[in-house]
Amino acid sequence: SVDSAAGRSNIFGILRTKKGDADALAYLDALENINPDSFTAIGWVNVVGCFAINDRIEQATKLLSNLPDEMFLECTILGYFCGMLYVANSVPMDLRRRVIHEEFLAVSDHLLEGDEAENWRSKACEVFEACSQVAENADDELLIERLENWLRWLRIVDPAHRKEELAALSNDMNDGKTAVKLMPLAHAFGVKFDVSALTKHLRRTEMLGGLTPIELNAKVLMLQHFEQFPELASFIVDNWNRLLEFESLPNLGGTLIQAYVQAGECGLAEEALKAKHAELYPDDIPRFQLMIQHCRGEDPTKQAKDNYDASGKIEDLSNLILSLEKAQRLAELTPYALEMFKRERNVVNALCYVKCMRSAITQDEDIAHFLDSCIDLVKKDPELMSVQAWALFHLGELKKSEEINNQLLNLRNNINDLSLDIYLSVRTGEWEKLPATLEREWNRRGELP
């Protein structure tokens with residue numbers, strides 16, 4: 001029957017295959033009261049995948065969240081999709097598509113932070129762990145490996161497990177064969193490791209018959225990781241056709257241009273840009289031009305602003321902010337820093353905006369108001385707590401300022417916190433605290449940075 005889970009699943013699958021996503025989505029939008037029984041487990045995989053790939057992440061997430069656990073047990077890949085969607089909800093909207101394409105390493109430096117984002121990643125971890133158990137019971141080694149990659153990434157981006165996981169990853173790189181698989185993860189997080197095992201493995205494999213695609217990729221990343229940019233550029237040129245076996249033409253051309261730029265070979269970078277111009281992604285061409293301007297020591301700010309005005313994309317906003325920061329043009333930077341925080345809500349971007357506000361002698365009321373709006377981030381970062389404590393002090397909110405600063409005094413040994421402690425004692429007239437403060441700080445004077 002067409003009015004059954006199997007029937008609807010078949011109709012949707014046929015529409016998507018024969019006519020495309022637009023017609024398939026139109027069919028879904030015309031359905032009334034979509035519920036867990038509307039499609040089979042496999043049908044849901046197709047439906048959710050279609051929503052996700054067409055940037056309807058919130059709708060896909062809501063639908064999956066309503067499905068019963070039994071359906072995930074029946075179809076592990078559905079649970080896998082669910083975990084990916086949960087992760088996608090924890091990154092900026094501009095970058096969610098990369099998560100859906102399993103390019104999660106590319107978003108490692110652009111995660112949203114705060115209670116909501118961390119809750120999404122926690123839910124993703126739970127889903128992936130449940131899927132992993134089912135995959136192990138089914139001896140699905142491929143799925144097990146993919147799930148472990150996700151889980152390891154989630155543990156690394158979790159501050160509670162990051163140090164331990166990075167240490168374990170560094171240790172795992174001591175096995176050459178294992179290091180080949182882990183090189184993308186190690187490079188994404190800048191892990192320090194002994195490269196000798198990986199180098200030895202790659203050299204031996206090359207002598208015995210040549211590097212496989214995954215080994216070629218590991219070598220490219222290894223050269224990037226250890227900043228051997230001249231060698232990287234030569235390796236790409238010498239192995240161009242072999243590298244195209246696993247890398248796209250636009251990405252490979254872009255990596256070559258970046259290698260020349262980072263090697264300081266501005267002229268070669270410009271030549272490569274001209275030679276590969278037709279093969280590159282159009283959106284990337286202005287970004288490579290910006291890199292070359294940086295390479296030549298020119299002021300790239302105008303190019304960066306033009307790029308962002310033309311695209312509105314977060315990558316170009318990030319480049320504009322870097323250019324303005326480098327030029328110390330903080331007044332111009334301020335609105336862009338706020339825009340970045342709104343799009344990529346995390347501690348780093350909050351600190352950048354606060355720095356801009358303070359440089360412009362912004363009213364303390366404005367700083368305090370901004371920090372109140374992201375209090376979940378403030379509680380997690382000592383620098384933001386310090387800015388809040390000083391702002392409250394200037395506003396005469398001495399009790400609140402003291403409460404926050406006392407937390408900082410217990411948490412770290414920093415001259416800003418000590419200074420505020422003394423100012424608070426003087427402002428409140430608690431002169432008797434000064435001898436105790438002096439004794440405390442004298443006893444731990446060697447700990448000051």
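1. Helix α18 is followed by G297, whose phi is positive, near 80°. Helices here are DSSP runs of H or I with at least four residues, numbered from the N terminus. The model is predicted: local features need pLDDT of at least 70, side-chain atom pairs count only at pLDDT 80 or more, and totals for chains, interfaces and linings use all residues. Residues are numbered from 1 along each chain as its sequence is written, and side-chain values use heavy atoms, leaving out hydrogens and water.

2. Within α18 (residues 285–295), the buried residues are I285, R287, F288, L290, I292 and Q293. Buried means under 20% relative accessible area, exposed over 50%, and partly exposed in between (1.4 Å probe, protein chains only). The cover over these residues includes α16 (249–262), α17 (266–276), α19 (301–311) and α20 (314–326), where contact means heavy atoms within 4.5 Å.

3. R287 forms a salt bridge with D284 (3.0 Å, N to O), and both residues are buried. A salt bridge requires a side-chain nitrogen of Lys or Arg within 4 Å of a carboxyl oxygen of Asp or Glu. The structure holds 26 of them.

4. Another salt bridge joins D115 and K380 (3.9 Å, N to O). This pair links distant parts of the chain, 265 residues apart: D115 lies in helix α8 (residues 115–137), K380 in the loop between α24 (375–378) and α25 (382–394). D115 is partly exposed at 46% relative accessible area, and K380 is partly exposed at 43%.

5. A218 sits in helix α13 (residues 213–225). With 0% relative accessibility, A218 is buried. Beyond its neighbours within four places in sequence, A218 contacts V180 and M183.

Definitions and conventions. Helices (H or I, at least four residues) and strands (E, at least two) are DSSP runs, numbered from the N terminus.
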